[in-house]
Amino acid sequence: MPARLSEAFINHPVHLNQNHIDFNSAKEVPDSYTWPPIHDDSSPADYGYDVESSVPVIDLSDPISSVKGQISHACESWGVFQITNHGVPMDLLEKVQTEGKRLFSLPLQQKLKAARSPDGISGYGVARISSFFPKLMWSEGFTIAGSAVDHARKLWPQDYINFCEVMEEYEKGMKLLAGRLMWLMLGSLGINKEDLQWAGPEGKFKDSCGALQLNSYPACPDPDRAMGLAAHTDSTLLTVLYQNSTSGLQVTRDGGKWITVPPISGALVVNIGDLIHILSNGRYPSVLHRAVVNRKCHRLSVAYLYGPPMHVQISPLSKLVNLNNPPLYRSVTWSEYLGTKAKHFNKALSSVRLCAPLNGIIDAKDHNRVKVG
Ligand SMILES: C=C1C[C@]23C[C@@]1(O)CC[C@H]2[C@@]12CCC[C@@](C)(C(=O)O1)[C@H]2[C@@H]3C(=O)O
Ligand SMILES: O=C(O)CCC(=O)C(=O)O
Ligand SMILES: [Fe+2]
């Protein structure tokens, strides 16, 4: 049984698509990258502030009872929110951005030296979900699970240490923040430390696993016909995302319009992944999201993908289950779920569902998943 994230894919090889282009020299979007036009579905929130249709922004320095209330609302009705005053220093966010830019601005041949192997997690490559789509995405990624040293050394044989130190420091900060967010979410569901043995002594989530995903979205000559990262949910408990000042992240609510998550300087985006969806028995649904590109600006994002220890069985929490609320999902380990996601992509969550939804119809999100996948 894999104990670490870096071992989880060994039994579930992911197809690594070897189609790469040098985005910086592309004057037009090649056919293999051309998607059906992205219609302008922008919500009113894109033009002016509208609380009801804007992704919630939560100030973590507010009184704790207020924070819990805001988190509960955001998780129940959005599956995504932004946080400010989260304790991650601004200069660390800037350092991560600088190192990310340094990586993606290397020549393609150099980046390919650190390419993700077909059965590996870490390294440089096209979006993992590419194999589910007929067209390629206008983005490049670099995943770090465990130490970045081996891959970074291939990128910069003499000069890899700073990159590794910054990523390590960032990952440590993210792990602490993710644990804190977990308790805010669980607390808002009435779950306490005794209810979650795998959180370990004092509920510190010491053995939890995580990976960093650096995403680069170059400026694109025809952004309406290109896709940065196609619609998906994350297979995580939760994901903490840093985005630079260029917008591109969009979310849907119940399969409705795409809503842009506007960059806020120093803020982080938190989204619910499929494992909190399962733990909460569907009360905190995972959010379908995507990244679009634009004509003028390069966009960089860094996602911290946070999950439980690999071997722990995740199932709906017993406190949230009763005769009126039967368990909707069977139990899965993160390792198993990542394999299911690699095979079934956006149908993975439905594939571990036990009961049909009460109304007997596929719910909007699952329906959307079917359409997208
Ligand atoms: C821990 C992980 C979640 C992830 C697969 C991975 O092993 C590392 C990359 C993650 C990522 C980031 C972009 C979207 C996503 C769906 C993908 O293809 O790779 C997620 C994966 C996931 O959440 O399933
Ligand atoms: O770049 C973004 O805003 C989204 C990235 C993302 O969804 C991911 O890495 O899982
Ligand atoms: Fe994501």
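Student: Is histidine 232 buried or exposed?

Tutor: In this predicted model, the relative accessible area of histidine 232 is 9%. Buried means under 20%. Because 9% falls under that cut-off, histidine 232 is buried.

Student: Which residues coordinate the iron ion (ligand 3)?

Tutor: The donor residues of the iron ion (ligand 3) are spaced H-x1-D-x54-H in sequence. Histidine 232 belongs to strand β6 (residues 229-232) and histidine 289 to strand β11 (residues 289-291), so this pair, 57 residues apart, links distant parts of the chain. Histidine 289 is buried, at 6% relative accessibility. At 2.1 to 2.2 Å, the coordinating residues are His232 (NE2), Asp234 (OD) and His289 (NE2).

Student: How many disulfides are there?

Tutor: A disulfide requires a pair of cysteine sulfur atoms within 2.5 Å. For cysteine 164, the nearest cysteine sulfur is that of cysteine 209, 20 Å away, and cysteine 164 is in no disulfide. By this rule the count of disulfides is zero.

Student: Is cysteine 164 buried or exposed?

Tutor: The cut-off for buried is under 20% relative accessible area. Cysteine 164 has a value of 8%, and therefore it counts as buried.

Student: What kind of aromatic pair do phenylalanine 23 and tyrosine 33 form?

Tutor: A search of the whole structure finds 12 aromatic pairs. In the pair of phenylalanine 23 and tyrosine 33, the ring centres are 5.9 Å apart and the planes are at 85 degrees. Planes over 60 degrees apart count as edge-to-face. The pair of phenylalanine 23 and tyrosine 33 is therefore edge-to-face.

Student: How many residues apart are phenylalanine 132 and phenylalanine 345, which form an aromatic pair?

Tutor: The pair is stacked, with 4.9 Å centre to centre and 20 degrees between the planes. Phenylalanine 132 is in the loop between β3 (123-125) and β4 (140-144), and phenylalanine 345 is in the loop between α7 (334-344) and α8 (348-351). The pair thus links distant parts of the chain, its residues being apart by 213.

Student: Which residue has its charged end over the ring of tryptophan 183?

Tutor: Tryptophan 183 belongs to one aromatic cluster with Trp198, Phe205, Tyr304 and Tyr306. The charged end in question lies 5.5 Å from the centre of the tryptophan 183 ring. It belongs to lysine 193.

Definitions and conventions:
Residues numbered from 1 in each chain as written. Chains lettered and ligands numbered in written order. Predicted model: local features only at pLDDT ≥ 70, side-chain atom pairs only at ≥ 80, totals over all residues. Heavy atoms only, no water. Donors = N, O, S within 2.8 Å, 3.2 Å for Na, K, Ca; no water. Helix = DSSP H or I, 4+ residues; strand = E, 2+ residues; numbered from the N terminus. Buried < 20%, exposed > 50% of the residue type's maximum accessible area, 1.4 Å probe, protein only. Phe/Tyr/Trp six-rings, centres within 6.5 Å; stacked < 30°, edge-to-face > 60°. Lys NZ or Arg CZ within 6 Å of the ring centre and 35° of its normal.
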